[in-house]
Structure formats: C-alpha cells, structure tokens
Amino acid sequence: MNNYSVENYVRDIRKVVNEEVAEKSITERIKPLALRLAEDKSWIKPEYYNVNEEQGFGLHLLHEEDDHKLAVFVIAWAPGKGLAPHNHKTWAVVAGIQGQEHETNYKRLDDGSKDGFADLIKTNEETIFPGNATCCLPEDIHSVWNNGKEVALSIHTYGMHLNHTGRSIFDIKTKTETPCIVQVQN
C-alpha cells in the first residue's frame, strides 16, 4: 500500500471543496479519503495519543487554512471520557483509527429562538471503530464518548476550525445551550 500522507489528504479535500457546493456531497466525498488516511497510520506520531486531563481528550491540529477553513485534527479520547452534546456549525467527517467512540445523535425540539435554551431528544446511537467513519452537517448535534478501555484515536476534518464557528454545547437535563470552545494541544 502506498503511504497516504496528511499532505495528500489536505490536497484531496481542497479539490473536493473546490468541486462541490452541497455540504452533504462534500462530506460523502471526503469520507473515503478520511478512511484511507486513518488506515495508513504511517503519519501518526506518539504525541497524538496525549490527552488533556482536564478536557478528557486531546485535540492535535494537523492542518488549518489561513482563513481557518479545512481544519484537520487527530483527537485522542481518554477511556471513559468524552464531550457532551454539541454541534459544529460546519460540516465534519470523522474516521476511527484506534479504539472506539460511542456517538449519540440528538434532535432539537425547540426553534432556537430563546437565547441559552435548547430542548433535545436522543435519536440514534452508534459506536465508531477503526475502519468506520461518520459525517455531520452544520446543525447536527451529537455527543462523543470513549466507551472502551484504551485511548481512542480518530481523524476529524471540519469545514472550519471548531473554535471559529460559534458552536454550542448542550446540557440535556438543564436544557441549556452555551458556547463550546476547546483547547488545542501544541
């Protein structure tokens, strides 16, 4: 198998974004490319397994355009840790590299007109393993949880760097919506 580098991947996703307008078409074309990168593993460095203990996961930036578009991360999820329901406000493609990530999808029941309020209902659950990938559109809401016993590693590709989208995190019990900013590992 030929090595498929992060540079090759970025080149290929730039081509897709230039050729497609619809976000669903973009994610569907990037999905097999993300799986190809996740399968290769020759580009993975030991530091990509580092986790921010406070956050419960480590975000490792591999690529970001100058205008913050086309951000590519490796995310390491500590066992038993994850991120509460959140949106991205951009398209996303996630491919499993190692371990497992349990994803729960939600539907928003309110119309979003009341600031800081959100009423969510669970709609679907699946676990992503190596060789699996999932896609999200800007308004999709999901939570991610490492339900395995080892660090879970995955490649995440976004139409915009997560900290530049105005995305939210949700609390189902209190029905609240607040800004979601994550710490990126150096």
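**Close-up views of a predicted model**

**View 1.** Arg11 is partly exposed, with a relative accessible area of 48%, where buried means under 20%, exposed over 50% and partly exposed in between, for a 1.4 Å probe and protein chains only. Its salt-bridge partner is Asp12, and the closest N and O atoms of this pair are 3.0 Å apart; a salt bridge is a side-chain nitrogen of Lys or Arg within 4 Å of a carboxyl oxygen of Asp or Glu. Asp12, in turn, is buried, at a relative accessible area of 14%. The model is predicted, and its local features need pLDDT of at least 70, side-chain atom pairs count only at pLDDT 80 or more, and totals for chains, interfaces and linings use all residues. Residues are numbered from 1 along each chain as its sequence is written, and side-chain values use heavy atoms, with hydrogens and water left out.

**View 2.** Helix α1 (residues 6-19) and helix α2 (residues 23-40) have axes that come within 10 Å and cross at roughly 170°. The helices are therefore roughly antiparallel, a term for angles over 145 degrees. Helices are DSSP runs (H or I) of at least four residues, and strands (E) of at least two; the axes are lines fitted to C-alpha atoms over the stretch in contact, with angles from 0 to 180 degrees between N-to-C directions. On the α1 side, Val6, Tyr9, Asp12, Ile13, Val16, Val17 and Glu19 take part, and they meet Ile26, Arg29, Ile30, Leu33, Ala34 and Leu37 of α2, contact meaning heavy atoms within 4.5 Å.

**View 3.** A salt bridge joins Lys175 and Asp119, with the closest N and O atoms 3.5 Å apart. This pair links distant parts of the chain, 56 residues apart, for Lys175 belongs to the loop between β10 (168-171) and β11 (176-179), while Asp119 belongs to the loop between β5 (101-108) and β6 (120-128). Lys175 is partly exposed, its relative accessible area being 32%. The backbone of Lys175 also has a positive phi, near 55°, although the residue is not glycine. Most residues other than glycine have a negative phi.

**View 4.** Glu125 and Lys122 are joined through their side chains by a salt bridge of 3.4 Å, N to O. Glu125 counts as partly exposed, at 41% relative accessibility. Elsewhere, Lys15, Glu19, Glu20 and Arg29 belong to one network, built from salt bridges that share partners, and the structure holds 10 salt bridges.

**View 5.** His60 sits in strand β1 (residues 57-63) and is buried, with a relative accessible area of 5%. A polar atom of the His60 side chain lies 2.9 Å from the backbone oxygen of Asn50. When residues up to four places away in sequence are not counted, His60 touches Glu47, Tyr48, Asn50, Val72, Phe73, Val74, Ala76 and Gln185.

**View 6.** Asp110, in the loop between β5 and β6, counts as buried at 17% relative accessibility. Its side chain makes a polar contact of 3.0 Å with the side chain of Arg108; such a contact is a pair of N or O atoms within 3.5 Å, one able to donate a hydrogen and the other to accept it, and residues adjacent in sequence count only if both are side-chain atoms. The side chain of Asp110 also reaches the backbone nitrogen of Gly112, at 3.0 Å.

**View 7.** Lys41 has a positive phi of about 70° although this residue is not a glycine. Lys41 lies in the loop between α2 and β1, and is partly exposed, with a relative accessible area of 40%.

Key: Parallel < 35°, antiparallel > 145°, perpendicular 65-115°, else oblique.
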